[in-house]
Amino acid sequence: MKNQLIIFDTTLRDGEQSPGASLSVSEKVEIARQLEKLNVDVIEAGFPVSSPEQFEAVQRISNEVGVTVAALARAKEIDIKSAYDAIKNGEKKRIHTFSSTSDYHILGKFSDDRYGKTLTEKRKTIIKMSYDMVKYAKSLVDDVEFSAEDAGRTDLNYLVEVIEAAIEAGATTINIPDTTGYTLPKEFGQKIAYLKSKVRNIEKAIISVHCHNDLGLAVANSIAGIENGARQVECTINGIGERAGNASLEEIVMALKVRKDIFEIESKIETKEIMNTSKLVSGYTGIIVQPNKAIVGENAFAHESGIHQDGMLKSRETYEIMTPETVGAQSTKIVLGRHSGRHGLKARLDELGYSVASEELNNIYKSFTKLADKKKEVYDDDLRILMGDSKNRNEAIYDLKYMHVFGGSSTIPTATVRIKADGKIVEDSATGDGPVDALFNAIDRALEKKPTVESYRVRSVTAGRAALGEVAVRIRKDGRSYTGIGVSTDIIEASAKAYIQAINKKERNERSKNKIQNEEELKGEI
Ligand code: KIV
Ligand code: ZN
């Protein structure tokens, strides 16, 4: 029997901190259900104190899934109380609290004299805060994780002291984050080995690693951590996360599986669910997976050169270290056509990881038959897109009811839109430099908003002239980006849907933020 590696998935927390990736509550619940199918050990569902929406998402996930749900909290009573309130009715619950431990963070975030006048005094304050807050969390739940933020750049002897205090207070998982993605694999591995040998009470806790990808080393560092004694790894689907992202779950899991000859440790991940999970996360966050991304990229199993193709035909192992089937990446299937019934549609959606209630199925079936009329053959990726579209419409504050765009080589592009906004119908028209510009201007006028459009991208979802066109629009307001995805066989309509979805995400976030009591306190914390 090999040792088991605990897979702690933070897609819904650190992953959601990716620029533009804000997810709605029901999207998060859907992703959590898929993570459960993937068989992760812990789902970090969010940071409850940061907004009522985050609180609700953590609460719903904790009540609805059977795996351990972790809620993030700074080492502050208000955060820990909120984390506990969100998960208290769940079956398996963990509070994950963290303190800053590097001098960069201590001097930057704790510059106020109330934390101590000198660095030595401030360091002592951090140890006391960490001890007290782990103890408080432990009075609420059994399973407490402590993270030493920016451990990658923290003085090692000080790190030992902080960790000893956290374990003494009751932490059973000690997480070592390389918050800024600064360390190199050998160095990070040595840090873990050092902590394992020097922290006097380390046998009472599991060592965890949490690596960021600023130098493209997050997976390599995580693996170095595992080789040196870490037994939990924190990672995200598709490697999404702050800045350059976090360590990618699928890469770590497959490295352990493919190189089982080397590792004395294994995960219990259901690897066949990797591709479904990757597509679900990409669809809902709007963050596309680069084609050459290991394991889940479109080209990960494509063999282009003649020599490679020939080698593959003779024996797959010539150029393949794992089969696409192992990660659920078999070639896209034609699943359904215009004569398929509700039953067939529901069965396929279940297989793709979507749980659809019967009222919702009727609406999806209507969209499906419309699409099947236009496209004849409906592929898995088309279904994924229909699902995302239906979810967005259900949760829309603004919903496009009608649009008309007029363009051509010798006319001024003009657009008219009618939108249901907070239950009322609003409409307006505008001109622009092209049809999409005219459309966005008309939407701005109707909604009396003018966000900055940061990026605009169009791609075809599947092959063929009648393929669904997918448009992704990223907008920016008050230092935060939001991505909207729209799909239609008409890319102008898809553009309107994408723009309105991005505005919906912004609006939801702003309305939820207005309700936070301690917004000032949260600024710049993680
Ligand atoms: O990167 C980091 O340090 C974090 C902590 C909150 C664990 O995400
Ligand atoms: Zn992080």
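This is a predicted model: local features need pLDDT of at least 70, side-chain atom pairs count only at pLDDT 80 or more; totals for chains, interfaces and linings use all residues.
Side-chain values use heavy atoms, without hydrogens or water, residues are numbered from 1 along each chain as its sequence is written, and chains are lettered from A and ligands numbered from 1 in the order written.

**View 1. Zinc ion (ligand 2) and its protein donors.** Asp14 (OD), His210 (NE2) and His212 (NE2) lie 2.0 to 2.1 Å from the zinc ion. Donors are N, O and S atoms within 2.8 Å of the metal (3.2 Å for Na, K and Ca); water is not among the atoms, so the site may look incomplete. The donor spacing in sequence is D-x195-H-x1-H.

**View 2. Residues around ligand 1.** The shell comprises Arg13, Asp14, His96, Ser147, Glu149, Asn175, Pro177, Thr179, His210 and His212 (a heavy atom within 4 Å). By class, 1 is nonpolar, 6 are polar and 3 are charged; Pro counts as nonpolar, Asp, Glu and Arg as charged.

**View 3. Polar contacts of ligand 1.** Such contacts are pairs of N or O atoms within 3.5 Å. A ligand 1 oxygen is 2.6 Å from a side-chain N or O atom of Thr179. For a polar side-chain atom of Arg13, the distance to a ligand oxygen is 2.9 Å. For His212, the corresponding side-chain distance is 3.0 Å. Alone, ligand 1 exposes 260 Å², and the protein buries 97% of that (Shrake-Rupley method, 1.4 Å probe). Strands β6 (143-149) and β7 (173-178) each give two or more residues to the shell (strands are DSSP E runs of at least two residues, numbered from the N terminus).

How values were computed
A polar contact is a pair of N or O atoms within 3.5 Å; within protein, one must be able to donate a hydrogen and the other to accept it, and residues adjacent in sequence count only if both atoms are side-chain atoms. Helices (H or I, at least four residues) and strands (E, at least two) are DSSP runs, numbered from the N terminus.
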